[in-house]
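Hi,

Here is the structure I promised to pass on.

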Amino acid sequence: MAADRQWKWANDPKLNKMEIAKLEKDGLDVIDTIINKYAVEGFDSIEGMDMDRFKWAGVYQQKPKDGYFMMRVRVPGGIMTSEQARVMAQIAKDYGRDLVDVTTRQAIQFHWLTVQSLPDIFERLASVGMSSFEACGDCPRTIVGNPLAGIDPNEVMDTRPIVDEMERFFLMNREYSNLPRKYKISISANVFNTGHAEINDLAFTPAKKVINGEEVIGFHVWVGGGLSAKPYLAQKLNVFCRPEEVVRVAAAITEVYRDNGYREKRTHARIKFLIADWGVEKFLGELVKITGELETVGEDLTKGWNAGYFYGLHEQKQEGLYYAGLSVPVGRMNAEELVELARLADVYGDGTIGACNSQNVLIRNISSDKVEAFKQEAILQERFKLAPSTFVAYSVACTGNEYCNLAVVETKERMRSLAQYLDDTVDLDTPLRLHMVGCPNSCGQRQIADIGFQGALVKTEQGMVDAFDIHVGGTLGIDARFNQKLKARVKADQLGPVVAQMIGVYKEERLENEEYWKYVDRVGVEHIQATVDRILVTA
Ligand code: SF4
């Protein structure tokens with residue numbers, strides 16, 4: 001559709017190298033080249049900027065760029081079927097060294113893929129209605145949302161049809177495959193913000209408004225959120241959107257960004273920079289030039305924040321049915337375990353599985369007469385626990401330097417063992433969310449953690465060693481704010497004892513049931529800094 005289109009920025013002399021590459025060949029065109037050329041001729045045949053365009057196929061080179069790839073598969077709204085799970089498990093077994101990761105954007109990630117394997121993987125995914133296309137790249141990526149959509153007692157509407165419509169509209173749509181930078185969409189009608197609205201480029205959150213004397217349930221619209229080195233919280237537009245308008249409004253917002261977003265520096269191209277410069281009023285002015293007048297805001301229905309944790313068995317909105325929230329420590333499993341999840345979904349539920357932005361999973365629609373038998377399943381005792389220990393339960397980690405070229409340090413195994421160490425040494429009865437990332441890009445969403453760890457290196461007499469900067473006090477929802485950096489770069493081997501002592505002090509000083517981020521807010525970051533300074537003197 002847009003192949004011969006003359007984009008309005010095409011002659012801008014300041015375009016960066018990737019922008020010029022995208023004008024020469026659209027990112028989506030690499031999919032055909034992979035299938036018809038690179039998969040046949042092999043890794044060494046990959047030419048010029050095509051390696052960068054691989055992202056539009058949902059594929060990145062994995063570290064150390066010696067012929068293997070990482071792939072992300074879209075799981076729109078975080079809901080997949082058991083059939084899809086089995087196909088992905090087989091892909092992991094056949095091509096991905098038995099490794100399956102659940103990501104913080106509710107997607108599934110493989111590693112160790114060769115270019116020769118990609119056409120078969122694309123086909124296998126397509127056979128069950130899935131795709132890795134545009135899961136990466138400067139385009140609308142995996143749509144995140146409520147993994148409980150349709151069964152959720154805390155949702156004001158079932159968002160599955162809207163997510164499906166949005167997915168069908170944007171996926172492989174060449175009108176939107178050349179955006180200035182990555183573009184992340186969230187749609188959730190859960191009143192506890194399961195879609196993490198504030199950290200998305202575009203988000204829809206539940207709202208209501210009386211229009212012509214009738215109460216309408218719909219959405220408020222947020223733009224300009226994102227993490228990385230310069231994090232921004234999304235801002236609310238003065239718009240109320242009826243459910244049937246969501247895709248039309250999303251398309252228009254994306255068009256405003258596509259045509260006005262910055263294309264000079266890759267680090268200054270996300271929509272958040274445009275919103276920060278323009279302000280939401282100017283952005284809305286451009287938006288309504290496309291959509292025509294829109295309803296102004298109504299009443300927000302968001303009441304708080306659930307950071308993507310649903311452990312245990314819970315009643316659904318449908319009487320007699322339950323959903324089960326299961327722990328997948330740092331989101332990593334193997335193919336056999338994914339097959340087990342598919343079996344649980346078929347035997348006990350309706351064959352659907354939820355993927356959470358906390359890197360955990362859900363089994364949906366378990367009938368009450370099957371609950372007891374479900375609880376006895378062996379894999380729930382050993383691996384995917386209904387009631388995991390406190391720190392393992394609330395730990396998130398990005399890919400880290402095991403596979404990621406941008407990583408400064410290892411994160412996955414380190415976060416898992418740090419959480420285990422804390423569970424073994426600290427007795428805490430309330431959730432404390434820990435996120436670990438290997439670099440400022442923050443795929444592990446470090447900024448929203450109660451305590452966030454960002455990998456760095458520190459100079460010692462023995463040379464450079466792995467270390468972490470510590471950030472405290474992040475949350476989303478009504479009180480959304482990013483965590484703040486302490487002046488303390490802690491060597492990796494000291495991290496466990498230092499964090500254990502920090503949490504010990506929190507336990508002594510907190511008010512009853514006070515969450516960690518609220519404690520930080522009350523006592524102040526300077527107080528936490530003084531605590532950590534004291535701890536480090538003796539570390
Ligand atoms: Fe890689 Fe950095 Fe993302 Fe971690 S946060 S996966 S290290 S880019």
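Below is what turned up, starting with the aromatic rings and then moving to the ligand and a sheet.

One thing to keep in mind before you start: this is a predicted model.

Aromatic rings

There are 22 aromatic pairs in total. One of them is Phe-204 with Phe-219, an edge-to-face pair whose planes are 90 degrees apart and whose centres are separated by 6.3 Å. Phe-204 belongs to strand S8 (residues 202–211) and Phe-219 to strand S9 (residues 214–223), so this contact ties together parts that sit 15 residues apart in sequence. If you go looking for these two side chains, note that Phe-204 and Phe-219 are both buried.

Another pair to click on is Trp-278 with Phe-283. Their planes make an angle of 50 degrees, with the ring centres 6.1 Å apart, so this one counts as tilted. Trp-278 is buried, and Phe-283 is buried too.

Rings also gather into a cluster: Tyr-38, Phe-43, Phe-54 and Phe-69 are linked by ring pairs.

Charges over rings

Two arginines are worth a look here. Arg-97 has its charged end over the ring of Tyr-68, at 5.2 Å from the ring centre. Further along, Arg-510 lies over the face of Tyr-506, and the distance to the ring centre is 5.2 Å.

The ligand

Which residues are around the ligand? The list includes four cysteines you can pick out by number, Cys-398, Cys-404, Cys-439 and Cys-443. With them come Thr-399, Gly-400, Leu-406, Ala-407, Gly-438, Asn-441 and Ser-442. How many of the residues in this shell are nonpolar, polar or charged? The shell has 6 nonpolar and 5 polar residues, and no charged ones.

Cheers

Technical notes:
Residues are numbered from 1 along each chain as its sequence is written. This is a predicted model: local features need pLDDT of at least 70, side-chain atom pairs count only at pLDDT 80 or more; totals for chains, interfaces and linings use all residues. Side-chain values use heavy atoms; hydrogens and water are left out. Rings of Phe, Tyr and Trp (its six-membered ring) pair if their centres lie within 6.5 Å; planes under 30 degrees apart count as stacked, over 60 as edge-to-face and the rest as tilted. Helices (H or I, at least four residues) and strands (E, at least two) are DSSP runs, numbered from the N terminus. Buried means under 20% relative accessible area, exposed over 50%, partly exposed in between (1.4 Å probe, protein chains only). A charge sits over a ring if NZ of Lys or CZ of Arg is within 6 Å of the ring centre and within 35 degrees of the ring normal. A residue is near a molecule or strand if one of its heavy atoms lies within 4 Å of it. Ala, Val, Leu, Ile, Met, Phe, Trp, Tyr, Cys and Pro count as nonpolar, Asp, Glu, Lys and Arg as charged, and the others, Gly among them, as polar.
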